[in-house]
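The sequence and the structure come first.

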Amino acid sequence: MMDPQTPSDDALVDLRELARRDARMQGRRALAAMPRLAAALAEAPGERQAQWSLHGFVQVLPGGGSQPMAELEVRAVLALQCQRCLRTVEVPVDEHALFRLVDVEPELSMDELEAQDEALCATAPVDLHALVEDQLILALPLVPMHASCAPPAAPDASVDTSVDTSPFAVLQRLRPR
Ligand SMILES: [Zn+2]
């Protein structure tokens, strides 16, 4: 069995090279190919796909110098379980992430936590598929819920049909014997 952590070759992207070329990439990825995300879904993802786009660019820093960056946008509709009515709620996700491409993973400082972008170690090619899945997992709402839940379904007709109250039953009793 294939290790799910092993990226396929077509998923590996040299983000620094992408930034140098100011290049864009885009594609689709089946939700079914994202086991960590699929575990959080209310139903099997079936044929559903996430759309992603990636833009590499170089940011000129105020004090001179430059910083390679990557911007990732991921869109998908996720079927989650509504925490109010427990039925499936479709949650559209449009997640946007800005990565500062660095050589060394920085210490988790206050500055780092408050930064608008996220440091991403990009000395080696990065697994784009894992990055897309990570973004979707980060986008999962803590408490997925319908804006307004549908009223509970009517009780099952076979349970509800009482012989005594049906018009035919009433007629039957009224009819002289
Ligand atoms: Zn609901």
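The protein chain has six helices and seven strands; helices (H or I, at least four residues) and strands (E, at least two) are DSSP runs, numbered from the N terminus. Along the sequence these elements follow the pattern β-α-β-α-β-β-β-α-β-β-α-α-α. The model is predicted: local features need pLDDT of at least 70, side-chain atom pairs count only at pLDDT 80 or more, and totals for chains, interfaces and linings use all residues. Residues are numbered from 1 along each chain as its sequence is written.

Of the 177 residues of the protein chain, 15% count as buried. A residue is buried if 20 or more other C-beta atoms lie within 10 Å of its own, exposed if 12 or fewer, and partly exposed in between, with C-beta atoms placed from the backbone. Among contacts in the chain between residues at least 6 apart in sequence, 61% join residues at least 24 apart. Two residues are in contact if their C-beta atoms, placed from the backbone, lie within 7 Å.

**The sheet**

Five strands form an open sheet with mixed pairing, in the order E2-E3-E4-E5-E6. Two strands pair if DSSP finds at least two bridges between them. Strand E2 (24–30) and strand E6 (118–121) are the edge strands, each pairing on one side only. From one strand to the next the twist averages 30 degrees. Angles run from 0 to 180 degrees between N-to-C directions, and the axes are lines fitted to C-alpha atoms, for helices over the stretch in contact.

| Strands | Sense | Bridges | Facing residues |
|---|---|---|---|
| E4 and E5 | antiparallel | 13 bridges | Leu80, with bridge partner Val89 in E5 |

E3 and E4 form a hairpin with five residues between them, and Gly64 in the turn has a positive phi of about 85 degrees. E4 and E5 also form a hairpin, with six residues between them. Leu86 is found in the loop between E4 and E5 and has a positive phi of about 65 degrees although it is not a glycine. Leu86 counts as exposed because it has 10 C-beta neighbours inside 10 Å.

Asp22 is another residue that is not a glycine but has a positive phi, here of about 50 degrees. Asp22 is placed in the loop between H1 and E2. With 10 C-beta neighbours inside 10 Å, Asp22 counts as exposed. Most residues other than glycine have a negative phi.

**Helix H4 on the sheet**

H4 lies across E2, E3, E4 and E5, and runs at about 125 degrees to E5. The helix has 12 residues and reaches 17 Å from its first C-alpha to its last, close to the 16 Å expected at 1.5 Å a residue. The expected span is 1.5 Å times one less than the number of residues in the helix. Which residues of H4 are buried? They are Leu128, Leu131, Val132, Glu133, Gln135 and Leu136. An α-helix has 3.6 residues a turn, so residues three or four places apart point the same way.

Leaving aside its neighbours within four places in sequence, Leu136 is in contact with Met34, Leu37, Ala50, Val74, Ala76, Val93 and Glu95.

**The nonpolar core**

A nonpolar core is a set of buried Ala, Val, Leu, Ile, Met, Phe, Trp, Tyr and Cys residues joined through C-beta atoms within 7 Å. The largest such core has 23 residues, of which Leu15, Ala50, Ala70, Leu72, Val74, Val132 and Leu136 touch the most other members. At least two residues of this core come from each of helix H1 (15–20), strand E3 (49–60), strand E4 (66–81), strand E5 (88–102) and helix H4 (128–139). E4 gives the most to this core, with five residues.

**Leu18**

Leu18 lies in helix H1. Leu18 is buried because 22 other C-beta atoms are within 10 Å. Leaving aside its neighbours within four places in sequence, Leu18 is in contact with Val13, Ala23, Gly56 and Ala70. The C-alpha atoms of Leu18 and His55 are separated by 7.5 Å, although these residues are 37 residues apart along the chain.
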